[in-house]
Amino acid sequence: MVETDVIKDNPNSNSDTWVDLLLENFQSFNSKIKDQSNPDELYQYIFEKGSKLLLTAIQVGQEAFDNLEPNAKVTSPDIYLLHFSYPDRIKNLGLLCRDVLLQLSIAKLRRSEDLVTEEEYEQHHQECLNLISTEFEQSQNYFTKERETMLSKPEVLKRKLDSIKHLVNPWELYSSQFDIINRQLEEVDLGDSQLKETISSYFEIKEVVIQMRGNVLKVNELFAKKAKSALVNLKKIPQKDSLDQLIDSFEELLNLAASHEIRSEAGMRALEDMVNQLPILTIPIGSKAGFLVQRKIDYRKSVQKWMDYEILPYMIDLWDNEEATFSHLLSVASQIRTSLRVSKKMENPSGFQGEISSLNGLVKEQEETISKSKEMIRHIDEQLATKFKVTEIYREEEYLKVPLQTNFARFTGTDPGNLGKFAKNIKKLFENLGQQVKEVKEKTPHQKLETALDILETRNEKETPDHYHSLFLNKNFIGDLFLVKRTKYESELEKIVTNWNKGQNRS
């Protein structure tokens, strides 16, 4: 467990106790560090006690500095130790605390997103614990031995003091560095809490997507089951007086299908609201040459762009397939219900082979729709499980990367304007990406319309195209990037048009 007051305060210390107080605080820090039995305890211990240790070093060093006469020659071994001998090693220990704290935070956050196993997490904790306890113990031994040598061997003290007699006291520089490291500990802890909240938001977003895609499959399976039941009952109807119950079942099927909401508008609004609430964060992600490396991420824009590319196209396909199946279901069920009503009024009801064939085709179509839906759902689940992670920010790759289009369209008109100038400036940047350059000459009103449509097809090359989405008032619009060929539907449409031209256009 983490003790509450490991590092002692410095009540009115004098020149005889400055170094003693500092060494006593190091001893207290080291005596409890190995008792931190889990990563959370170690994290909290380093954050709280490491910060207090730096503050103690600043406090005793500043008091010693304030007691010096301006430009006075250093003659005290304690002043030498506090201002010349100890500070560089204390600074390294502060940097070690900062870096270990950051690594513990990264491991904890990635564990919460199931990106590391429990065994790896525990091993990481042990390595961090061993590293920081070893370094602090060695430093404490160095501090103690250095002071004992200075006090017991006057010739060593004289040699040390002679080596700095022409040097300016570096304490103010070290003090500012200690203060910076202390603030960086707070930045690491702040980033940890901010990312923890963002991870919770990601889980909520993921749940909404999973619920929407699950509802599609659930409803499709429900109607497939009812259609199969209706088909079985239709095959069993031999008598005129047995039609009432079957007619009622088709009435129920039609009412249920007609009242069903194909696209979850409430779910989309909830998803949109959650994404819009994601923050812009500047997060420490590592260290390099002693400096704390930070990264600024706009989670809202990144998630919005990634959802537009990886999730929403598949959700829209799910809804489109569901809508097509339901439309066919309503048509077939309505026709069968009408046939059943007509047959009920007849003296000798005829067979229902045509209706059975139509309903059997519908059942097979629903099975195909369910199979396709499961493939799309598998893709959605895979993307959410592997890529939709807050802590991917720690990787060097672009966060939630969306592939670039292979055709970067460029446009030049009679008056190029800003777009034309912008295209010229960055043309060389994309010349190796296989882009196709389009030149559109404006001649007729019809071509003006085509030019406008082509421009709407083109994505802005900025990493986060701010004004791209604002071109469209429809919040469900996802852009031309997701238009794909649908050869099956095209061939069916050609067949329909051919039949229409032949005069078969009554329907």
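Among contacts between residues at least 6 apart in sequence, what percentage join residues at least 24 apart? In the protein chain, 81% of them do. Contact here means heavy atoms within 4.5 Å.

Before selecting anything, note how to read the model. It is predicted: local features need pLDDT of at least 70, side-chain atom pairs count only at pLDDT 80 or more, and totals for chains, interfaces and linings use all residues. Residues are numbered from 1 along each chain as its sequence is written, and side-chain values use heavy atoms, with hydrogens and water left out.

**Whole chain**

Show the cartoon. The protein chain has 15 helices and 2 strands. Both are DSSP runs numbered from the N terminus: helices are H or I with at least four residues, strands are E with at least two. Now show the surface. The accessible surface comes to about 29200 Å², and 50% of it belongs to carbon and sulfur atoms. Such areas come from the Shrake-Rupley method with a 1.4 Å probe; for residues, only the protein chains shown count as cover. Of the 507 residues, 42% are buried. Buried means under 20% relative accessible area, exposed over 50%, and partly exposed in between (1.4 Å probe, protein chains only).

**The core**

Select Ile90, Tyr202, Tyr299 and Leu359. In the largest nonpolar core, which has 115 residues, these four touch the most other members. Helix 7 (residues 171-235) gives the most to this core, with 22 residues. A nonpolar core is a set of buried Ala, Val, Leu, Ile, Met, Phe, Trp, Tyr and Cys residues joined through side-chain atoms within 4.5 Å.

Stay on Leu359. What does Leu359 contact, leaving aside its neighbours within four places in sequence? Its partners are Ala227, Ala230, Leu231, Leu234, Phe250, Val332 and Ile336.

**Helix 4 and its end**

Select residues 87-112. This is helix 4, with 26 residues. From first C-alpha to last it reaches 37 Å, close to the 38 Å expected at 1.5 Å a residue. The expected span is 1.5 Å times one less than the number of residues. Helix 4 is largely enclosed by the rest of the structure, because 19 of its 26 residues are buried.

Step on to Asp114. This residue sits in the loop between helix 4 and helix 5 (118-152). Most residues other than glycine have a negative phi. Asp114 is exposed, at 63% relative accessibility.

Jump to Ala289 for another such case. Ala289 has a positive phi of about 55° although it is not a glycine. Look for it in the loop between strand 1 (280-288) and strand 2 (291-298). At 75% relative accessibility, Ala289 counts as exposed.

**Salt bridges**

How many salt bridges does a search of the whole structure find? It finds 15. A salt bridge is a side-chain nitrogen of Lys or Arg within 4 Å of a carboxyl oxygen of Asp or Glu.

Select Lys49 and Glu48. Their side chains meet in a salt bridge at 4.0 Å, N to O. Lys49 is buried at 0% relative accessibility, while Glu48 is partly exposed at 30%.

Select Arg98 and Asp99. The closest N and O atoms of this salt bridge are 3.0 Å apart. Arg98 is buried at 1%; Asp99 is partly exposed at 24%.

Select Glu118 and Arg111. Their closest N and O atoms are 2.9 Å apart in a salt bridge. Glu118 is partly exposed at 41%, and Arg111 is partly exposed at 23%. Next, select Asp20, Asp78 and Arg147, which salt bridges with shared partners join into one network.

**A loop and the last helix**

Select Glu398, in the loop between helix 12 (353-386) and helix 13 (417-426).

Finish at helix 15 (residues 487-501), where Val497 lies. Its end C-alpha atoms are 21 Å apart, which agrees with the span for 15 residues. Leu493, Ile496 and Val497 make a nonpolar surface patch of about 280 Å². Patches are made of residues with over 30% relative accessible area and no salt bridge: like charges are joined within 9 Å, nonpolar side chains (Val, Leu, Ile, Met, Phe, Trp, Tyr) within 5 Å. Val497 is partly exposed at 41%. Just after helix 15, Gly503 takes a positive phi of about 105°.
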